[in-house]
Amino acid sequence: MYEIAETAGFYGVHAIWSVSDSEGLTPLLGCVEDDGTEGLERFAFDDVADAVRVGGERLREGRPGWVRAAFVVDAFLHLPRGRTDALIIDAVEYAPRRRSIRIAVPYRPRNTAQGFAVYRPKFLETSGFTDPDYETLGAAFYAGVDSHEQAAAVWNAHLLDESA
């Protein structure tokens, strides 16, 4: 029902896998085409702001044949406990009707005293939905996470079942 959240989960966990053993994430855009094929593009620019701008434009515009896409960037969330590292996932479903979601996945970087950890995702925004069912969206997101076998192993090994 919510393939958009499944796509966000798949590319989000791929990004978690990347930050689990590095200092940051090269912004990435994953897409699903109408024939079921998937693609992944990384935006390795000298200026991260340019990478975020170009990737965001590609996500908003889409491409012929794209059904869904997710753009993932490394950022910070400002939460009551302070500034927290997080991956921000913007996902768009282009067809049959346009809708979008934004999800944050807070994490603790590997270079901290406690080591790498992943916190529960947070739905930040939805657009184009009539009364979104967040429980079903969450289940679809986790189905996407679980569908990426190698990255899901990293997620599950480092998941703290708590909010950041």
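Reader: How are two packed helices described?

Author: Two packed helices are described by the angle between their axes and the distance between the axes. In this predicted model, take helix α1, residues 3-19, and helix α4, residues 149-158. They pack at an angle of about 65°, and their axes are 8 Å apart. That angle makes α1 roughly perpendicular to α4.

Reader: Is the crossing of α1 and α4 left-handed or right-handed?

Author: The crossing of α1 and α4 is left-handed.

Reader: Which residues of α1 and α4 meet?

Author: From α1 come Val13, His14, Ile16 and Trp17; from α4 come Gln150, Ala151, Ala152, Val154 and Trp155. Sorted by class, this contact of α1 with α4 has seven nonpolar residues, two polar residues and no charged residues.

Reader: At what angle do α1 and α3 pack?

Author: The angle between α1 and α3 is about 40°, with the axes 6 Å apart. The two helices are therefore oblique to each other. Angles from 65 to 115 degrees count as roughly perpendicular, and α1 with α3 is at about 40°. The crossing of α1 and α3 is right-handed.

Reader: Which residues of α1 and α3 meet?

Author: On the α1 side they are Ala5, Glu6, Ala8, Gly9, Phe10 and Val13. On the α3 side they are Leu137, Ala140, Phe141, Ala143, Gly144 and Val145. The contact of α1 with α3 has nine nonpolar, two polar and one charged residues by class. Val13 of α1 is listed in this contact, and Val13 is also listed in the contact with α4.

Reader: How are α3 and α4 placed, oblique or roughly perpendicular to each other?

Author: Their axes come within 7 Å and cross at roughly 115°. The helices α3 and α4 are therefore roughly perpendicular to each other. Phe141, Tyr142, Val145 and Asp146 in α3 meet Glu149, Ala152, Trp155 and Asn156 in α4. By class, the contact of α3 with α4 has five nonpolar residues, one polar residue and two charged residues.

Reader: How is a pair of aromatic rings described?

Author: A pair of aromatic rings is described by the distance of the centres and the angle of the planes. A search of the whole structure finds ten aromatic pairs. One of them joins Phe43 and Phe45: the centres are 6.3 Å apart, the planes are at 55°, and the pair is tilted. Ring pairs also link Phe43, Phe45 and Phe71 into a cluster.

Reader: How far is Phe43 from Arg53?

Author: The C-alpha atoms of Phe43 and Arg53 are separated by 9.9 Å, and the two residues are ten residues apart along the chain. Arg53 is placed in helix α2, residues 48-61. Arg53 counts as partly exposed, at 42% relative accessibility.

Reader: Where does Ser18 lie, and what does Ser18 touch?

Author: Ser18 lies in helix α1. Leaving out residues up to four places away in sequence, Ser18 touches Leu25 and Arg42. The relative accessible area of Ser18 is 18%, and Ser18 is buried.

Reader: Which peptide bond is cis?

Author: The bond from Ala95 to Pro96 is cis, with omega near 10°. Pro96 lies in the loop between β4 (82-93) and β5 (99-108).

Reader: How far apart are Asp21 and Asn111, in sequence and in space?

Author: Asp21 and Asn111 are 90 residues apart in sequence, and C-alpha to C-alpha they are 9.3 Å apart in space. Asp21 is found in the loop between α1 and β1 (28-33). Asp21 counts as exposed, at 56% relative accessibility.

Terms used. Residues numbered from 1 in each chain as written. Predicted model: local features only at pLDDT ≥ 70, side-chain atom pairs only at ≥ 80, totals over all residues. Heavy atoms only, no water. Axes fitted to C-alpha atoms, helices over the stretch in contact; angles between N-to-C directions. Helix = DSSP H or I, 4+ residues; strand = E, 2+ residues; numbered from the N terminus. Parallel < 35°, antiparallel > 145°, perpendicular 65-115°, else oblique. Left-handed = near helix turned anticlockwise from the far one by under 90°. Contact = heavy atoms within 4.5 Å. Nonpolar A, V, L, I, M, F, W, Y, C, P; charged D, E, K, R; others polar. Phe/Tyr/Trp six-rings, centres within 6.5 Å; stacked < 30°, edge-to-face > 60°. Buried < 20%, exposed > 50% of the residue type's maximum accessible area, 1.4 Å probe, protein only.
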